[in-house]
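Let us walk through one protein chain together. Keep the sequence and the 3D view side by side.

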Amino acid sequence: MKLIRVENYEEMSSKAAQLVEQQIRDNPRSVLGLATGSTPLGLYEKLIEGVRERGISYRDVQTFNLDEYRGLSGEHPNSYRHFMNDKLFQSIDIQLKNTYVPNGKALPVEEECRRYEALIDELGPPHLQILGMGTNGHIGFNEPGTPETSRTHCVKLEKSTRNSNARFFSDRDEVPTHAITMGIESILKSEKVLLLASGKKKAQAVKRFLEGRVSKDFPASFLWKHSDVTLIVDREAYGLVK
Ligand code: F6R
């Protein structure tokens, strides 16, 4: 595991953007694995800047998002499809048809999970997977207890995850109870993983991650089984590491 320590969120975002842009320069037909949430927002802003100011092109890039809320259509303002279109895709020259997010409305859900995993195998796996980390160590929506052999599947969200995501909804009860997520095994298929962590509220999770003990109770720890993981962490998130 490669550890890159930076001062703050801004620097974490710039450093992450440099690595993503290097990947696109090396292979303009790259497949990227993408995350939603607060962590990658700054990165996405930098990537948009990269198109305008550094001549980076996403014309031949394909993307797979980690997860989607179950029950929300892509048009719903809180869906992850909407988030990605709004925060990144509409501002770069990517072809929307090359961007994949699970369909939260598809039924039966098991069928949608199989379809998504098959698509990852067919077009991917991602050359570079971007990940944030939940305070309980979740990656994607793989909550503690998720087996290492998990592929794209439907999950019941933990109360802590629903609470922390409630900030995006007008009412706590509106936060969906279930989601579709790539599994641990799906994530570990990626060639490279870029894990980002910023801020005090991630300090406990970063500390536990860096202990390096692989455990089902802390899903991010499975990343220790991957041979090419880079963690970019800022000062606050690193604050509890001895
Ligand atoms: C989002 C995702 C989640 C988030 C995690 C951290 O697609 O898969 O695992 O990365 O919940 O969220 P933030 O970045 O909002 O702290």
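In which sense do β2 and β6 pair, and over how many bridges? They pair in the parallel sense, over 2 bridges. Two strands count as paired if DSSP finds at least two bridges between them. Strands (E, at least two residues) and helices (H or I, at least four residues) are DSSP runs, numbered from the N terminus.

Some ground rules come next. This is a predicted model, in which local features need pLDDT of at least 70, side-chain atom pairs count only at pLDDT 80 or more, and totals for chains, interfaces and linings use all residues. Residues are numbered from 1 along each chain as its sequence is written.

Stay with the strands. Now move to β6 and strand β9 (residues 192–197), which pair in the parallel sense over 4 bridges. Leu131 stands opposite Leu195 in β9.

Next, look at the faces of two strands. A residue is buried if 20 or more other C-beta atoms, placed from the backbone, lie within 10 Å of its own. Strand β3 (residues 62–65) is covered on both faces. Gln62 and Phe64 are buried on one side, Thr63 and Asn65 on the other. Strand β6 (residues 128–131) also has both faces covered. There, Leu128 and Ile130 are buried on one side, and Gln129 and Leu131 on the other.

Now find helix α2, at residues 41–53. It has 13 residues and reaches 18 Å from its first C-alpha to its last. That is close to the 18 Å expected at 1.5 Å a residue. The expected span is 1.5 Å times one less than the number of residues. Gly42, Leu43, Tyr44, Lys46 and Leu47 are buried in α2. The buried residues of α2 pack against α1 (9–26) and α3 (80–87), where contact puts C-beta atoms, placed from the backbone, within 7 Å. Just after α2, Gly55 takes a positive phi of about 65°.

Turn to the ligand. Around it are 13 residues, and Thr36, Gly37, Ser38, Thr39 and Gly132 come nearest. Near means that the C-beta atom, placed from the backbone, lies within 6 Å.

Finally, step back. UniProt, in an unreviewed entry, places the feature "domain: Glucosamine/galactosamine-6-phosphate isomerase" at residues 10–227. Such annotations may be inferred rather than shown by experiment. Over residues 10–227 the chain is 34% helix and 14% strand.

Key: A residue is buried if 20 or more other C-beta atoms lie within 10 Å of its own, exposed if 12 or fewer, and partly exposed in between; C-beta atoms are placed from the backbone. Two residues are in contact if their C-beta atoms, placed from the backbone, lie within 7 Å.
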